[in-house]
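Student: I've got a new structure open and I'd like to know where its labels come from. Can we go through a few together?

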Amino acid sequence: GFFTPSDIKTRGLIFTDYLVGETGAAGSFLHVSVKLLAGRTPEQRNALSGPLFDLCSAALPEGTSVTVDIVEMTRETYKKRLAAL
């Protein structure tokens, strides 16, 4: 209920060089960054991040680090141009 399907864009990045944690040990991880235009309440953002975190955690093996971050984009400064399909 937060978006229409056409509003959702997905991008995946694979990192071959990275460190996880303070010890410098390499390990598998998934980081999900959801960028939303500002205007949603903390409760709405939590209603998105909680189930997303749970879904990702359940889908990945134990020992995989999982983080989810909801990032608000400022409406006044966000700009975009869509490519014609």
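Predicted model: local features only at pLDDT ≥ 70, side-chain atom pairs only at ≥ 80, totals over all residues.

Student: Why is phenylalanine 29 called partly exposed?

Tutor: Its relative accessible area is 34%. Buried means under 20% and exposed means over 50%, so with 34% phenylalanine 29 counts as partly exposed. You'll find this residue in strand S1.

Student: And what makes threonine 67 partly exposed?

Tutor: Threonine 67 has 39% relative accessibility.

Student: Which residues make the nonpolar surface patch?

Tutor: Leu13, Phe15 and Phe29 make a patch of about 330 Å². Residues in a patch need over 30% relative accessible area, so Phe29 with its 34% passes that step.

Student: How far is leucine 13 from threonine 67?

Tutor: They're 54 residues apart in sequence, and 15 Å apart in space from C-alpha to C-alpha.

Student: What lines the largest pocket?

Tutor: That pocket, with a volume of about 1,300 Å³, has 31 lining residues, and Lys9, Arg11, Ser33, Val34 and Lys35 lie nearest its centre. S1 gives the most to the lining, nine residues, and helix H1 (42-59) supplies at least two.

Student: How many of the lining residues are nonpolar, polar and charged?

Tutor: The lining divides into 18 nonpolar, five polar and eight charged residues. Lys and Arg count as charged, so Lys9, Arg11 and Lys35 are charged residues of that lining.

Terms used: Residues numbered from 1 in each chain as written. Heavy atoms only, no water. 1 Å grid on protein atoms, 1.4 Å probe; cavity = no way out; pocket = protein on both sides within 12 Å on 5 of 7 lines; lining within 4 Å. Points joined across faces, edges and corners; volume = space filled by probe spheres on them. Helix = DSSP H or I, 4+ residues; strand = E, 2+ residues; numbered from the N terminus. Patch = residues over 30% accessible without salt bridge, like charges linked within 9 Å, V, L, I, M, F, W, Y side chains within 5 Å. Areas by Shrake-Rupley, 256 points an atom, 1.4 Å probe, with all protein chains shown as cover. Salt bridge = Lys/Arg side-chain N within 4 Å of Asp/Glu carboxyl O. Buried < 20%, exposed > 50% of the residue type's maximum accessible area, 1.4 Å probe, protein only.
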